[in-house]
Amino acid sequence: MGSGKNRKLSSSQIILLGFLGVIVVGTILLMLPWSRSGEGSAPFLDALFTATSAVCVTGLVTNDTATYWSAFGQAVLLCLIQIGGLGVITVAIFITRLSGRKIGLMQRSTMQEAIAAPQMGGIVRLTGFILKMVVIIELLGAAALLPSMIMEFGIGKGIWYAFFHSISSFCNAGFDLMGVKGKYSSLTSYTGNVPVNVVVMLLIVVGGIGFLTWDDIKRNKLHLRRYRMQTKVVLSVTGVLLLLPAVYFYFNEFGSAAWESMSGVERVLAALFQSVTTRTAGYNTVDLTQLTESGQMIMIILMLIGGSPGSTAGGMKVTTFAVLFATAIAVFKRRPNAHICGRRIPNDTAHYAATVLVLYLSLFLAGGIFIGTVERIPIIQALFEAASAIGTVGVTLGITPDLCTASKIVLIILMFLGRVGGMTIVYAALSRKHPYVSEFPQEKIIVG
């Protein structure tokens with residue numbers, strides 16, 4: 001028998017422990033007296049919930065970010081958001097490179113899994129490209145938000161607000177500092193502000209399409225046929241999931257009498273924004289409690305699907321949705337394999353996608369039913385909050401601050417699992433060095 005002391009951690013376990021470590025450090029920092037704007041320190045549960053939400057780039061909060069946390073506390077949150085958005089492993093590799101140390105095979109393997117890269121070759125180059133693009137995009141976003149922020153809050157505060165919301169938007173975090181206008185108001189005061197809406201939406205989408213998609217676009221530019229199949233899937237499915245819900249929101253939600261006070265421009269912006277923000281961003285420019293249950297249900301579905309693999313977004317991922325849809329079509333046509341963009345999808349990929357779907361739906365339903373039962377609230381509200389947590393989205397119907405301790409703990413668990421990835425947790429807990437070498441006898445079972 002081998003010694004347990006020599007057992008190395010798997011990539012999944014390293015990723016898991018990395019996120020846990022940052023959450024623990026963030027919780028400790030937020031509990032410091034000077035992290036809170038008022039007297040005393042933040043309670044442990046509030047600090048833990050907020051740190052988890054920031055590292056998992058979710059945006060659900062138990063206290064208003066602008067009024068509860070001091071400038072130091074807000075800076076801590078921004079650092080946690082940046083680390084969580086990039087991924088703990090990406091930041092660790094960056095620090096290793098700065099220190100001049102060599103990046104070994106294990107670190108490369110972990111990095112490959114952390115950013116969902118298809119191969120290990122060129123992973124260090126890709127990491128450098130990611131970090132460079134993140135800095136450029138966040139600076140451009142801050143510069144674009146600067147005029148609006150300075151005009152409203154002055155130079156000093158305007159610069160801080162521009163950078164905070166640029167980073168939070170790009171990382172799909174959903175944390176905002178607009179509580180100075182009204183607690184938990186998010187971006188509702190900017191419903192008709194075209195520059196702010198457009199910049200924030202662009203940052204959300206760019207952050208949510210994935211680092212590998214950026215790399216493919218950079219390499220092949222407008223030569224669409226040269227794109228990898230994954231890039232084609234990400235861009236096409238993302239486009240559909242942004243456009244169709246926006247059309248629904250415009251005609252069926254904001255076209256109703258309840259929203260007749262909105263101008264035409266405001267309706268277009270509101271429809272687009274609510275479609276974009278459900279890609280795991282967490283902002284809202286209208287009161288979501290005023291939407292119909294049908295509208296809220298559509299947002300729940302979009303939150304569960306989420307963004308792209310290897311991005312700042314969460315959820316099951318658009319590629320998972322595409323593979324499941326293609327597999328269903330293959331079954332209808334009695335094909336042995338799913339086909340996407342003229343390529344055959346391996347059956348093990350379809351099995352993985354189905355497993356991810358079952359895992360997310362199980363966690364989502366279990367969390368929502370638990371919260372609904374404990375809090376005695378309508379099930380649509382509980383499911384909305386659970387979907388927001390497991391999808392690391394952060395949009396809310398306003399019930400999070402008033403939840404009991406048990407419900408908040410459930411949301412913490414859902415946020416963590418949603419960001420790290422349910423399969424990463426499973427692989428970390430059930431890591432095996434040797435595959436199965438024997439099989440059970442086969443027997444058919446009728447389904448459907």
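**Close-up 1. F211 and W214 in helix α10.** F211 and W214 stand three residues apart in helix α10 (residues 211-220), so about one helical turn separates them, helices being DSSP runs of H or I with at least four residues, numbered from the N terminus. This is a predicted model, in which local features need pLDDT of at least 70 and side-chain atom pairs count only at pLDDT 80 or more, while totals for chains, interfaces and linings use all residues. Residues are numbered from 1 along each chain as its sequence is written, and side-chain values use heavy atoms, with hydrogens and water left out. F211 counts as buried because its relative accessibility is 2%, and W214 likewise at 6%, where buried means under 20% relative accessible area, exposed over 50% and partly exposed in between (1.4 Å probe, protein chains only).

**Close-up 2. Aromatic pairs.** A search of the whole structure finds nine aromatic pairs, which are rings of Phe, Tyr and Trp (its six-membered ring) with centres within 6.5 Å, counted as stacked if the planes are under 30 degrees apart, edge-to-face if over 60 and tilted for the rest. One of them is the edge-to-face pair of F211 and W214, with 5.2 Å centre to centre and 80° between the planes. F170, F211 and W214 form one aromatic cluster.

**Close-up 3. F153 and Y161.** These two residues form a tilted aromatic pair, at 4.5 Å centre to centre and with 40° between the planes. Both F153 and Y161 are buried.

**Close-up 4. L243 in helix α11.** L243, which is found in helix α11, is exposed, as its relative accessible area is 53%.

Notes
Helices (H or I, at least four residues) and strands (E, at least two) are DSSP runs, numbered from the N terminus.
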